Amino acid sequence: MSSAQALVDKDKGMKIPLKSVLSSRQFWLLTINAVVVIGLGIMRPDTFLSWINFKAVLSLMSYDLLLAIAMTTVLIVRGLDLSVGAVMALSSVVMALLLRAGVPVLPSVLGGLVVALACGFTNGFFIVRVGILPFLVTLAMMTAARGVATVLTTGQYISFPTAPRWFSRFARNEFVFQIGDASYGVPVLLIVTLTATLVFGLLLSNWVPLRRLFFIGQNAEAAKLSGIQVERLTIAAYMISAFFVWIAALLMTSANKIGYANYGITAEMRAIAAAVIGGASFFGGSGSIFGTFLGVLLLALIGNGFILLNGDPNWQQATIGVVLIVAVGIDALRTIRTRR
């Protein structure tokens, strides 16, 4: 069942049968993640089951999760965004340059936001109004954004030593919870990411303007005939995608205390992999933020497992590639069944 059809059923007040739950992508992803957690817990109980390890896994996957949410948003409208990593780097560089020049924090981060939204609008405009394929437009944006970031920095790190100290510590700060005799620190980076994920997931599932994105992805012509502003909403999808890219850039700049033109290299491939594994389709009309979260978590657990078990990093990439191929195959089969 596509996400659009599920929304229609929800509107009609139909009950979701247990069979649909058990056959859903999210259920099986949750099961696979649980199996991986149990397996790693059995093989490396001393290191894998520690809060320090869990915190490291969740913190490192935060950037990939934000970029995967950005990718999921455009995949829902049958789009694609190969520029998420490069735009993140450009936004970070602009923020860092403004901070280094003595500009206050708020205007600096807003400057990065303007750059990211401008890139998102440009992507959407050329795709919708000019009719160029998303692959070509976002590939051009990826090259241009990375190139501009490199020119602005000449390939060097951009530090901002005169910026307020609280900004440099913001993403690394932790809220510490005491449970019994043990204390657990939760990074602000993780809290911001999970809050943004939860809020957007709820909006995408329940807010009518965002739910219309599914109908656009499933059948743009039918959506237009039903009165949906297809072009505006498609451009908006690319700008929403850019907004999440900006959040990732903001957190990365704060956590690393530098802007860098090489941020996010190959991040777009991980974002696509996580989004597709989570249920988003290249054919549009489906996807969920919870599924994307599970897809990112699965890739992070695979990476963590390779580190803990001293696995060959080359096999890690190969494993992720196999997982992606399986997910794309399942997506293709699902699309064929839907068309029948």
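**Briefing: fold, nonpolar patch and aromatic pairs**

The protein chain has 16 helices and 4 strands (DSSP runs numbered from the N terminus, with helices being H or I of at least four residues and strands E of at least two). Its radius of gyration is 20 Å, close to the 20 Å that the globule rule gives for 340 residues, so the chain is as compact as a globular protein of that length. The radius is taken over C-alpha atoms, and the rule is 2.2 Å times the number of residues to the power 0.38. This is a predicted model, in which local features need pLDDT of at least 70 and side-chain atom pairs count only at pLDDT 80 or more, while totals for chains, interfaces and linings use all residues. Residues are numbered from 1 along each chain as its sequence is written, and side-chain values use heavy atoms, with hydrogens and water left out.

**Overall build**

- Along the principal axes, the C-alpha atoms fill a box of roughly 60 × 55 × 40 Å.
- Of the 340 residues, 48% count as buried (under 20% relative accessible area; exposed is over 50%, partly exposed in between, with a 1.4 Å probe and protein chains only).
- Among contacts (heavy atoms within 4.5 Å) between residues at least 6 apart in sequence, 76% join residues at least 24 apart.
- The accessible surface comes to about 16900 Å², and 69% of that belongs to carbon and sulfur atoms.

**Nonpolar patch**

- Phe121, Phe125, Phe126, Val130, Ile132, Leu133, Phe135, Leu136 and Leu139 make a nonpolar surface patch of about 770 Å².
- Patch residues have over 30% relative accessible area and no salt bridge, and nonpolar side chains (Val, Leu, Ile, Met, Phe, Trp, Tyr) are joined within 5 Å, like charges within 9 Å.
- A salt bridge is a side-chain nitrogen of Lys or Arg within 4 Å of a carboxyl oxygen of Asp or Glu.
- Helix H7 (105-128) and helix H8 (134-153) each supply at least two of the patch residues.
- Ile132 lies in the loop between H7 and H8 and is partly exposed, with a relative accessible area of 32%.

**Aromatic pairs**

- The structure holds 12 aromatic pairs (ring centres of Phe, Tyr or Trp, the last by its six-membered ring, within 6.5 Å; planes under 30 degrees apart are stacked, over 60 edge-to-face, the rest tilted).
- Phe48 and Phe54 form an edge-to-face pair, 5.4 Å centre to centre with 75° between the planes.
- Phe48 is buried at 0% relative accessibility, whereas Phe54 is partly exposed at 27%.
- Phe243 and Trp246 form a tilted pair, 5.6 Å centre to centre with 40° between the planes.
- Phe243 and Trp246 are separated by about one helical turn because they are 3 residues apart in helix H13 (residues 230-256).
- Ring pairs link Phe200, Phe243, Phe244 and Trp246 into a cluster.

Definitions and conventions: Areas by Shrake-Rupley, 256 points an atom, 1.4 Å probe, with all protein chains shown as cover.
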